[in-house]
Amino acid sequence: MARYINIHETASTNTYLARMATMLPSGTVIYTHHQSAGRGQRGNSWEAEPGKNLTFSMLVKNPPVAPAAQFCISEAVSLAIVEFLSQYATGFSVKWPNDIYHGDRKICGILIEHSLCGNVINHTIIGVGININQVEFRSDAPNPVSLAQIIGRDIQLEEALRDVCSRIEACVASLGDIEATTSLHGRYLQSLYRRDGKLHDFILPSGERFRATIDDVQPTGTLILGHENGTVRGYAFKEVAFVL
């Protein structure tokens, strides 16, 4: 069972939890009404209007996953959040590796950080920001959306927090079972943004653009793209990006 600790304001729930990880039990959730310097993937910041959204981090000690297979934790967290949001509306997907989208707009960012000890994951910190009741976005993020904008009403944040955290905790705990992990990977592939057999635009760090289909995601997290010219190539995180 998760243990919840509310911090009125902090720079980053992931950073806060990391400082206290050795002293807290597995399942601890740090959540805040105001995250002043939330961190996202690729070094991006995360905009969240105080008191309007879910910004939290969950501690998982000794997850049942080897370091080489750590991407399955990302899959589990992503799917848990998609399932949580899908209670309210349809059209949610996982944008590789683990952003959550509604249509072509981003509703959730996830930052997962691991602490390794030899050949085991000592603990994992799962940082999540979900746009819930915010309806105006002032940052230069190109495509944000909130649940309230999608369904036309606010929802109660405390109940939503406990719901989504229980789903995350259950999904991550299931990774100790081989069949459950295999099933989860298949569901992750089915939930992927733009995995529809069509050609989509991608961009490399060099600025070069190309068109490709999303063919697969390997258990390591490598994205497999089928290029327009017929070649197939794998890309690690930060080696390719979607053109939105």
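In what order do the strands of the open sheet lie, and is their pairing parallel or antiparallel? The 5 strands follow the order β11-β10-β9-β8-β12, with antiparallel pairing.

All views show a predicted model, in which local features need pLDDT of at least 70 and side-chain atom pairs count only at pLDDT 80 or more, while totals for chains, interfaces and linings use all residues. Residues are numbered from 1 along each chain as its sequence is written, and side-chain values use heavy atoms, with hydrogens and water left out.

View A. Strands (E, at least two residues) and helices (H or I, at least four) are DSSP runs numbered from the N terminus; two strands pair if DSSP finds at least two bridges between them. β11 (232-235) and β12 (241-242) stand at the edges with a single partner strand each, so one side of each lacks a neighbour in the sheet. Strand β9 is joined to β10 (residues 223-227) by 5 bridges, and the two run antiparallel. D216 stands opposite I224 in β10.

**View B. Length and N-terminal cap of helix α5.** Helix α5 comprises 13 residues (178-190) and should span 18 Å at 1.5 Å a residue, which agrees with the 19 Å between its end C-alpha atoms; the expected span is 1.5 Å times one less than the number of residues. D177 caps the N-terminal end of α5, with a side-chain oxygen 3.1 Å from the backbone nitrogen of E179.

**View C. The two sides of helix α5.** T181, L184, H185, Y188 and L189 are the buried residues of α5 (buried: under 20% relative accessible area; exposed: over 50%; partly exposed: in between; 1.4 Å probe, protein chains only). Seen down the helix axis, these buried residues fall within an arc of 140°, so they line one face of α5; the arc is that of the directions from the axis to the C-beta atoms. E179, T182 and Q190 are exposed on the other side of α5. The buried residues of α5 pack against α2 (71-85), β4 (92-95), α4 (157-173) and β9 (209-217), where contact means heavy atoms within 4.5 Å.

View D. W96 and P97 are joined by a cis peptide bond with omega about 0°; P97 is placed in the loop between β4 and β5 (99-102). N62, in the loop between β3 (54-61) and α2, has a positive phi near 50° although the residue is not glycine. N62 counts as exposed because its relative accessibility is 52%. R194, in the loop between α5 and β8 (200-203), likewise has a positive phi, near 65°. R194 counts as buried because its relative accessibility is 17%.

Definitions and conventions
Polar contact = N/O pair within 3.5 Å; in protein donor to acceptor, adjacent residues only side chain to side chain.
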